[in-house]
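Take a look at the model below and keep it open while you read. The notes after it go through a few topics, one at a time.

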Protein chains: 2
Amino acid sequence: MARLPLYLRALSALSERGVPTVSSEELAAAAGVNSAKLRKDLSYLGSYGTRGVGYDVEYLVYQISRELGLTQDWPVAIIGIGNLGHALANYGGFASRGFRVAALLDADRAVAGQRIAGMVVRHMDDLEQIVRDDRVSIGVITTPAPAAQGVCDRLVAAGITSILNFAPTVLAVPEGVDVRKVDLSIELQILAFHEQRKSATDAGPTLPPTAPPPAGTAARGDRGGDLPEVMPA
Amino acid sequence: MARLPLYLRALSALSERGVPTVSSEELAAAAGVNSAKLRKDLSYLGSYGTRGVGYDVEYLVYQISRELGLTQDWPVAIIGIGNLGHALANYGGFASRGFRVAALLDADRAVAGQRIAGMVVRHMDDLEQIVRDDRVSIGVITTPAPAAQGVCDRLVAAGITSILNFAPTVLAVPEGVDVRKVDLSIELQILAFHEQRKSATDAGPTLPPTAPPPAGTAARGDRGGDLPEVMPA
DNA sequence: AGGCTTTTGTGAACGTGTGCACAAAGCTGA
DNA sequence: TCAGCTTTGTGCACACGTTCACAAAAGCCT
Ligand SMILES: NC(=O)c1ccc[n+]([C@@H]2O[C@H](COP(=O)([O-])OP(=O)(O)OC[C@H]3O[C@@H](n4cnc5c(N)ncnc54)[C@H](O)[C@@H]3O)[C@@H](O)[C@H]2O)c1
Ligand SMILES: NC(=O)c1ccc[n+]([C@@H]2O[C@H](COP(=O)([O-])OP(=O)(O)OC[C@H]3O[C@@H](n4cnc5c(N)ncnc54)[C@H](O)[C@@H]3O)[C@@H](O)[C@H]2O)c1
């Protein structure tokens, strides 16, 4: 379940505040989900709440941590130490949850060798060896989009089966390899879409809900005239 | 539809390569989705393909751009110019799709005044004015988690109705405000979860699929002894 | 000790998204 | 002009996730 990390975060906060137990209602509110959904999720991991009382916070934290595999540490390698790679390398939020930045790598020999966040950036030549020696299990790709697939292939060849991709590309991977992507532009575009909807309904039907296609002849052919050249490159 | 940006990206790539038309099958492969799904998605926006030929790339790019509201530009403000805020400010991928970084803001007076990516970082005091004058419609929150809700409230009060949140918190917002979150730790935890599943099935049932709760007496009470203190803070 | 209150765990209905499969539509070439 | 081929658009069935609602369980108070 993809919501477990959310619950875990809310529970950790409660735990820090010394709260001993929590009801599904409270926890659901903190995580921003429906309480029935939360209870069903928790029941999946065979968890035990106490009727009339709620869930024991500490116990639940432990259970979810174990279910997510957070009781062991996961060495992470970051590939492509540019703007974003820098930020991630300097980010302290990883270590607190069992993730350890084991290596930073870059193809640029001017970047390799630099010290960032207390680590020396390694060159891509050493990738396979680093993965092997440090038992890296998760690769984070922060290279430019054109390089992402190549890097991905090398990571997979080196034995990595979990990849977090920040480059705006669809990565092709063999079966058994998990890829998750974080895509800024897509998030912004979705926001823009909703924003447009809002202003459209506010200001009346300037844009019809369903855009009528160019009538008559065809959707193809000579349309050079009526297409403003506003489309993004 | 949250997949439109994906299609748009694939289409833009095709457009740059001069490809005039594309079949649903090809486009679906490029976007990593099912072809029937893609056709259904496109049919929602009343789009016109040509049977026996496929879709006109340029026309589709225009249609999707318009549907997503990408024919206008969206001024974006980034709040919290630390590691991540820096990276985003320096990122060139926004402008290419109609998003314009209109302002960088920070609460730290040592940060405000700095030039980053050709812009001067403004102080939070000016937030309301900047939002008003520059017609900022999307706010990006890259402050530490504890500050996020406060910043969010101010953005909403200033009239912003679309927020992209990088801080690991659930933001409470009034109806009509859209929040999308990008959460690194959650992505990593999901990867770790699957990774653990994989190694568990490989190496036999070291961890049972369903974790049996502590038997007998209760799930509560004296459990100080059998809980290893490995849970993340 | 027994009833009352609180809260879990879950059965069942519902809505949504997904994918198959096929008929209709349009192009191409003879 | 017409047959044949390709590809779209969509009806339909299915699977999944979500939510409601309620009975059973546990604690608490008298
Ligand atoms: N910076 C952001 O805020 C941001 C936001 C969203 C998405 N992205 C995406 O993240 C990726 C990185 O962005 P960035 O701004 O950090 O770019 P960048 O150009 O600053 O950094 C890219 C780094 O990758 C290295 N690199 C290039 N090819 C490589 C290869 N084959 N192997 C290893 N390393 C290689 C380069 O040497 C460079 O250091 C891009 O795909 C970008 O689209 C960035
Ligand atoms: N750096 C990363 O790679 C990364 C990754 C995932 C998530 N995050 C999250 O993104 C957020 C920012 O991370 P970071 O590494 O850039 O942190 P950072 O500490 O480097 O930067 C935070 C910035 O926000 C400013 N700030 C603090 N309170 C503010 C307020 N009330 N109003 C306006 N500005 C304020 C600070 O002055 C600072 O410049 C954090 O919530 C972090 O958890 C960061």
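The largest share of the surface near DNA strand C comes from α3(B), which gives four residues. Here a residue is "near" a strand if one of its heavy atoms lies within 4 Å of it, and helices (H or I, at least four residues) and strands (E, at least two) are DSSP runs numbered from the N terminus. Keep in mind that this is a predicted model: local features need pLDDT of at least 70, side-chain atom pairs count only at pLDDT 80 or more, and totals for chains, interfaces and linings use all residues. Residues are numbered from 1 along each chain as its sequence is written, chains are lettered from A and ligands numbered from 1 in the order in which they are written, and side-chain values use heavy atoms, with hydrogens and water left out.

**Around DNA strand C**

- Of the 23 residues around DNA strand C, the ones that come nearest are Ser24(A), Arg39(A), Tyr55(A), Lys40(B) and Arg51(B).
- Sort that surface by class and you get five nonpolar, ten polar and eight charged residues; Ala, Val, Leu, Ile, Met, Phe, Trp, Tyr, Cys and Pro count as nonpolar, Asp, Glu, Lys and Arg as charged, and the others, Gly among them, as polar.
- Sugar or phosphate accounts for 63% of the atoms of DNA strand C within 4 Å of the protein, and bases for the rest.
- Which part of DNA strand C does Lys40(B) reach with a polar side-chain atom? That atom of Lys40(B) lies 2.5 Å from a base oxygen.

**Around DNA strand D**

- There are 23 residues around DNA strand D, and Lys37(A), Ser24(B), Arg39(B), Gly49(B) and Tyr55(B) come nearest.
- For DNA strand D, the largest share of the surface, four residues, is from α3(A).
- Arg39(B) has a polar side-chain atom 2.8 Å from a base nitrogen of DNA strand D.
- The side chain of Lys40(B) places an N or O atom 3.1 Å from a base oxygen of DNA strand D.
- With Tyr55(B), a polar side-chain atom lies 2.5 Å from a phosphate oxygen of DNA strand D.

**How the two chains relate**

- Chain A superposes on chain B (RMSD 0.1 Å) by a rotation of 180 degrees with 0.0 Å of shift along its axis. The two copies are thus related as by a two-fold rotation axis.
- The superposition is by least squares on the C-alpha atoms of residues with pLDDT of at least 70 in both copies.
- Which residue of chain A comes closest to the rotation axis? It is Ala87(A), at 3.3 Å (C-alpha).

**The sheet in chain A**

- An open sheet of six strands runs in the order β7-β4-β3-β8-β9-β10 in chain A, with parallel pairing. Because β7 (122–123) and β10 (178–181) stand at the edges with a single partner strand each, one side of each is left without a neighbour in the sheet.
- β3 (residues 74–79) and β8 (residues 138–141) of chain A pair over four bridges in the parallel sense; two strands count as paired if DSSP finds at least two bridges between them.
- Val76(A) has Ile138(A) as its bridge partner in β8(A).

Technical notes. A polar contact is a pair of N or O atoms within 3.5 Å; within protein, one must be able to donate a hydrogen and the other to accept it, and residues adjacent in sequence count only if both atoms are side-chain atoms.
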